[in-house]
Structure formats: C-alpha cells, structure tokens
Amino acid sequence: MSNLQERSYLLTEQVNPHSLNLDQLNSIELVDLFNREDEKALAAVAAAQVQLAQAIDLTAERLSQGGRLFYVGAGTSGRLGVLDAAECPPTFCTPPELVQGIIAGGAGALVRSSEDLEDRSEDGEAAIAQRQVTQLDVVVGITAGGTTPFVHGALNAARQRGSRTIFMACVPTEQVRIDADVDIRLLTGPEILAGSTRLKAGTATKLALNILSTGVMVKLGKVYGNRMVDVAVTNHKLRDRALRMLQDLTGLSREAAGFLLERSGKWVKLALLMHWTGLEKEAGDRLLAQHQGNLRLAIASYKNHQKD
C-alpha cells in the first residue's frame with residue numbers, strides 16, 4: 001500500500017488550460033505562449049513585494065550583527081539558491097561563508113539530478129547542524145511546491161536553534177502552511193509543461209532571490225549609488241569595470257584611475273574614498289571600518305570632521 005501524499009491539489013501541479021495543445025504548436029506559437037506565461041512570474045514577484053522587503057530588512061539586520069544567510073532547497077530550487085550564493089563573493093566581495101547555498105544531495109546535485117534525496121527531512125536537519133547555525137543566522141527555505149521534506153527539516157532545525165527563517169514557495173498559504181518569520185508566496189500558476197517548476201516558478205524564484213540578496217547588500221553598504229563598489233577585481237572584465245567606475249565617478253583618466261586602483265589594493269570603494277578625502281590607504285581602511293564599510297557614511301563623517 002503506497003503512503004505517497006496526493007499532491008494534485010497544489011497550484012504548481014495543476015494543468016495549465018492555455019497549453020493543452022502544447023505538442024501541436026509550431027515554434028513561434030511556443031515562444032509566444034512562453035512570453036505570455038512568463039509575464040505571470042513578474043506579476044507574482046510584484047505581489048510579494050511587502051514580504052520581500054521584510055526579508056531584506058530582517059536579513060540585513062542579522063548579517064550586520066555577524067550572522068550568515070543560508071539558502072536551502074532541492075532540485076531546481078536548491079540550484080537557484082546555490083547560484084545566488086555563489087555570485088555574492090565576486091559581485092560584492094563577500095567572504096564565501098556569508099551567503100551559503102545548501103542543496104539536497106550536495107555539490108553533485110548541481111549537475112546531476114538527485115531529486116529523490118529531497119524526501120529526507122533528517123538530511124535537512126543535519127545540514128543545519130553541520131553548519132552550526134545560530135540565532136544570528138537567517139535560513140531561507142526554497143520549495144516551489146512548498147512540501148519538500150528536506151527544506152522543512154532544515155527550517156525546523158533552524159527555528160530550534162533560534163535563527164530567523166524565511167519561506168519561499170509558489171503555492172498559496174492555504175495549500176501549505178508553515179511557521180516562518182517571513183512567508184513569501186510567488187503565485188505563478190500552473191506551468192506550461194504541467195508540474196515542471198523549473199519554468200515560471202523557477203523564473204519567479206530567481207527574480208526574488210536577486211532582489212533579496214542585492215537588497216541586503218545595498219543595506220550593508222556594498223553599493224554606492226547603483227555601482228558595485230565592492231566588486232572583486234579578479235579578471236580582465238572586472239578590472240575594466242572597476243576602472244570605468246573610477247573614471248565615471250572621479251573624472252580621472254584611465255591611466256590615473258589604474259594608478260589609484262593599485263594604490264587602494266584593487267578595492268574600488270577604498271580608491272574612491274582615498275580620492276575624495278585625500279587619505280592614504282591605511283587611514284581610509286580605518287575610516288571605512290568605523291562605518292561598517294559604508295562609503296557614503298564614511299565620506300560624510302570625514303567631511304563633518306573637517307568642518308569641526
């Protein structure tokens with residue numbers, strides 16, 4: 001006798017009435033259908049803007065106190081979490097441990113399907129224990145259908161350890177209820193290919209994670225205006241971006257910007273502070289540290305001190 005839970009009631013498992021003839025469409029009709037359905041992913045994220053804002057504030061507050069951000073998921077949801085976490089160090093020069101992705105099945109699941117492992121809630125609990133999650137940390141459980149045992153196990157373990165929890169799913173609250181500090185529902189509706197949540201649900205999840213991580217980094221002072229002034233200058237493309245930022249914001253020539261970048265230890269934020277204040281690297285480092293790396297606050301503090 002099977003004890004598998006019936007899941008047909010879930011929004012993400014239902015059949016999309018607009019794609020019943022999917023196998024009969026020509027290529028342009030397929031693309032047009034995808035375009036129309038993908039608009040629902042944008043609408044779903046817009047409808048969750050209050051919850052996303054709450055998640056940004058909660059996470060930034062914890063990370064500013066020394067906490068970490070963990071994404072937990074299985075399958076597509078897990079891969080999206082790992083992707084977002086992996087992109088934080090090169091974009092914002094954060095240490096790899098600050099934002100971490102946890103996927104059921106571990107690193108191997110990134111390139112090879114291991115969706116069977118999502119059914120083990122104890123593995124989710126173990127992942128939280130292994131990373132020694134504390135009350136300063138934030139754990140985001142990502143599950144399109146909302147029922148993934150691996151994710152629920154991780155969130156339960158995180159709550160028991162006193163950490164803040166965020167739930168991100170693509171089904172309404174009445175279909176899957178959970179105890180979380182922030183409950184984000186991205187209601188994208190049935191998929192064009194029934195049950196394939198790597199489509200609209202995955203798109204909306206990627207958008208929401210982009211907003212969450214970037215919003216948190218803005219709050220943490222990793223951005224000046226709309227420039228990624230904490231970018232890690234690790235290759236030719238990123239060095240070019242760093243030099244263009246310095247040229248645009250300071251009016252320096254490319255050669256002078258390159259010299260300033262080298263003097264700063266290849267740190268755009270520090271280079272800008274040095275240029276605008278006249279401070280040398282060590283003094284600039286100290287000033288930024290006093291203001292938790294926030295360039296705008298550091299500059300304002302320096303100017304106020306000069307007035308005094």
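## Exercises on a predicted model

The buried residues of helix α9 are Val268, Lys269, Leu270, Ala271, Leu272, Leu273, Met274 and Thr277. Keep this list at hand for the opening exercise, and remember throughout that the model is predicted.

**Exercise 1. Decide how far helix α9 (residues 268–277) is enclosed, and find which helices its buried residues pack against.**

Solution. Start with the burial count: eight of the 10 residues of α9 are buried, so the helix is largely enclosed by the rest of the structure. Next, look for the partners. The buried residues pack against α7, α8, α10 (281–290) and α11 (295–307). Finally, step just past the end of α9, where glycine 278 has a positive phi of about 85°.

**Exercise 2. Describe how α7 packs on helix α8 (residues 254–263).**

Solution. Two numbers are needed here, since a packed pair of helices is described by the angle between the axes and the distance between them. For α7 and α8 the angle is about 110° and the axes are 9 Å apart. Angles of 65 to 115 degrees count as roughly perpendicular, so α7 is roughly perpendicular to α8. Now list the residues that touch. From α7 come Arg239, Asp240, Ala242, Leu243, Arg244, Leu246 and Gln247, and from α8 come Arg254, Ala257, Gly258, Leu260, Leu261 and Glu262. Sorted by class, this contact has six nonpolar, two polar and five charged residues.

**Exercise 3. Work out the strand order of the sheet and name its edge strands.**

Solution. Follow the pairing from one side to the other: the order is β2-β1-β3-β4-β5, an open sheet of five strands with parallel pairing. The edges are β2 (99–103) and β5 (182–185), each of which pairs on one side only. From one strand to the next, the twist averages 15°. Zoom in on one pair: β4 (residues 164–169) runs parallel to β5, joined over four bridges. Within this pair, phenylalanine 167 has aspartate 183 of β5 as its bridge partner.

**Exercise 4. Is aspartate 230 buried or exposed, and which residues does it touch?**

Solution. Locate the residue: aspartate 230 sits in the loop between α6 (200–219) and α7 (236–250). Its relative accessible area is 2%, so it is buried. Setting aside residues up to four places away in sequence, aspartate 230 touches Thr91, Phe92, Cys93, Gly221, Lys222, Trp267 and Lys269.

**Exercise 5. Characterise arginine 161 by its location, accessibility and contacts.**

Solution. Arginine 161 belongs to the loop between α5 (149–160) and β4. With 36% relative accessibility, arginine 161 counts as partly exposed. Beyond its neighbours within four places in sequence, arginine 161 contacts Ile128, Ala129, Gln132, Val133, Thr134 and Gln135. Take valine 133 as a check: arginine 161 and valine 133 are 28 residues apart in sequence, with their C-alpha atoms 6.9 Å apart in space.

Definitions and conventions
Residues are numbered from 1 along each chain as its sequence is written. This is a predicted model: local features need pLDDT of at least 70, side-chain atom pairs count only at pLDDT 80 or more; totals for chains, interfaces and linings use all residues. Side-chain values use heavy atoms; hydrogens and water are left out. Two strands pair if DSSP finds at least two bridges between them. Helices (H or I, at least four residues) and strands (E, at least two) are DSSP runs, numbered from the N terminus. Axes are lines fitted to C-alpha atoms, for helices over the stretch in contact, and angles run from 0 to 180 degrees between N-to-C directions. Buried means under 20% relative accessible area, exposed over 50%, partly exposed in between (1.4 Å probe, protein chains only). Contact means heavy atoms within 4.5 Å. Angles under 35 degrees count as roughly parallel, over 145 as roughly antiparallel, 65 to 115 as roughly perpendicular and the rest as oblique. Ala, Val, Leu, Ile, Met, Phe, Trp, Tyr, Cys and Pro count as nonpolar, Asp, Glu, Lys and Arg as charged, and the others, Gly among them, as polar.
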